[in-house]
Amino acid sequence: MITQMAIAIAIFAVMYILLLALPEHRWIVALVTAVIFMVLKILPIENAPGAINWNVIMMLGGTMATVELFIQSKMPARMAEMLLVITPNVMWAVVALSLFSGIVSAFVDNVATVLMVAPIALAVSKKLNTNPVPVIISVAVSSNLQGAATLVGDTTSILLGAYANMGFNDFFWFQGRPGICIAVEAGALMTIPVLLVIFRKEKAKVGSNVETKVEDYFPTVLLFGTIGLLIVASQFPNKPELTNGLICVGLAVVGIIYESIKAKNKAPIVDTLKAVDYKTLLLLAGLFMVIEGITEAGVINKIAEIFVNVGGDNVLLMYILIVAVSVVISAFVDNIPYVATMLPVVTGISAILGIDPYLFDFGLLIGATLGGNITPVGASANITGIGILQKADYKVSTGDFMKIGVPFTLIAAFTGALVVWLCYA
């Protein structure tokens, strides 16, 4: 007799295959799978709305809108130009642009970061007659690297924050120890020598000027206001569940209304709402329901048991296994569904081993965030950067990408994972 668990596993496996095969329709795949789960009563229909983490959906949607206003203000482009003015040559310009991308992506979505910084890198490369391919690849992988540094830096960070009940400050200092941000930044610093070696022959002068004018500083105030309020909210342990989501959505609404009043038309409302990635929000909603279904069917506990059977009761071996598997899988699979699936799994593993889950939670995020840098298709930011190059008639091979992505990933993942282990083992 086929058990409900077996049916749930089979459907979940098919869903994952379709997520890989149909990247443009992932949201449909997830929602259809959730409906099938409800029809088969793997997930009771009355439990479906409660399975969705509305705080995550609101945080992500609100942040997307605020970031769009920030981009439209041209402040990121101006900041990048100001950074280039102080760099002596192309080699250090690439390092500066990459670090700048990483810092921005700690607070802004990775794809948005690439869209902001890559055109500047392309313009500088053309001006200096330098091949822009490795430059923009460096920008893309750097933006992926630091997305896990803060609560609002990436979708996976928002997922971790909601699942582990972590506030904004917890990413910097958590339970009396350095937070995951410290591990991510340590990995970022170790990538500087990698960039210096790769671009060691690029010694031409930059000579850039600050040409972009910013006439609207309100979006910048809004973005930093969002971060500030999230920090304040972190000080209240018993705050309402939707607090962070309401902060992000509320300030986004304020920004949209302000820009609409200023423009004296509805264009800012339409443009900003169009820029919100609704497909990602729907994908997450579907995944939340699917994961609740496989959890109720006992699949999550079963996967946790398999990991424990492989790693035994050796915590170090289990930690290495989680990080390594996350790096490899995220090189080919989008890290959003992977992290959403694995967070309850690593919590189950921690329970079986009788330890706090944070070591494995942070190891999971380090591996999943950085693993996408190995291949051109491992992260949306990589695809975006390559798309910008292709529009400018530059060809990008997998080998071109991996020459930078592989050493970048290995040094950053090793460093970040080591810092997490030293702090939380």
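Which residues are buried in helix 16? In this predicted model, the buried residues of helix 16 are Met318, Tyr319, Ile322, Val323, Ser326, Val327 and Ser330. The helix covers residues 315-330, 16 residues in total. From its first C-alpha to its last, helix 16 reaches 22 Å, close to the 22 Å expected at 1.5 Å a residue. When the helix is viewed down its axis, the buried residues fall within an arc of 165 degrees, and therefore line one face of helix 16.

Aromatic contacts were examined next. Aromatic rings are described as pairs by the distance of the centres and the angle of the planes. The count comes to 7 aromatic pairs. One of these is formed by Phe168 and Phe172, whose ring centres are 5.7 Å apart. The planes of Phe168 and Phe172 stand at 40 degrees, so the pair is classed as tilted. The two residues have these accessibilities: Phe168 counts as buried at 2% relative accessibility, and Phe172 counts as partly exposed at 30%.

The rings of Phe174 and Phe362 also pair, with centres 6.0 Å apart. Their planes lie at 65 degrees, and because planes over 60 degrees apart count as edge-to-face, the pair is assigned to that class. Distant parts of the chain are linked by this pair. Phe174 and Phe362 are both buried. Together with Tyr358 and Tyr424, Phe174 and Phe362 form one aromatic cluster.

A nonpolar patch is found on the surface. The patch is formed by Ile7, Ile28, Val32, Val35, Ile36, Val39 and Leu40, which together have about 550 Å² of accessible area. Helix 2 (residues 26-39) gives the most to the patch, with 5 residues. Ile36, a member of the patch, is located in helix 2. The relative accessible area of Ile36 is 35%, and the residue is accordingly partly exposed.

Charged contacts were considered separately. The structure holds 1 salt bridge. In the salt bridge, the side chains of Asp216 and Lys262 meet at 3.5 Å, N to O. This pair, too, links distant parts of the chain, its members being 46 residues apart. Asp216 is in the loop between helix 10 (180-198) and helix 11 (218-233), whereas Lys262 is in helix 12. Asp216 counts as buried, at 11% relative accessibility. Lys262 has a relative accessible area of 44% and is partly exposed.

Helix 12 also contains Val253. With a relative accessible area of 41%, Val253 is partly exposed. The C-alpha atoms of Val253 and Gly62 are 8.0 Å apart in space, although the two residues are 191 residues apart in sequence. Another spatial contact between sequence-separated positions involves Gly153 and Ser105, which are 48 residues apart along the chain and have their C-alpha atoms separated by 5.8 Å. Gly153 lies in the loop between helix 8 (132-145) and helix 9 (155-163). At 1% relative accessibility, Gly153 counts as buried.

Backbone geometry was also examined. Most residues other than glycine have a negative phi. Lys74 has a positive phi, near 70 degrees. Lys74 is placed in the loop between helix 4 (54-72) and helix 5 (75-85). The relative accessible area of Lys74 is 47%, so the residue is partly exposed rather than exposed, a class that requires over 50%.

A positive phi, near 60 degrees, is also found at Lys264. The loop that holds Lys264 runs between helix 12 (243-263) and helix 13 (267-275). Lys264 has a relative accessible area of 77%, and because this value is over 50%, Lys264 is classed as exposed.

Technical notes. Residues numbered from 1 in each chain as written. Predicted model: local features only at pLDDT ≥ 70, side-chain atom pairs only at ≥ 80, totals over all residues. Heavy atoms only, no water. Helix = DSSP H or I, 4+ residues; strand = E, 2+ residues; numbered from the N terminus. Buried < 20%, exposed > 50% of the residue type's maximum accessible area, 1.4 Å probe, protein only. Phe/Tyr/Trp six-rings, centres within 6.5 Å; stacked < 30°, edge-to-face > 60°. Patch = residues over 30% accessible without salt bridge, like charges linked within 9 Å, V, L, I, M, F, W, Y side chains within 5 Å. Areas by Shrake-Rupley, 256 points an atom, 1.4 Å probe, with all protein chains shown as cover. Salt bridge = Lys/Arg side-chain N within 4 Å of Asp/Glu carboxyl O. Expected span 1.5 Å × (residues − 1). Arc of directions from axis to C-beta.
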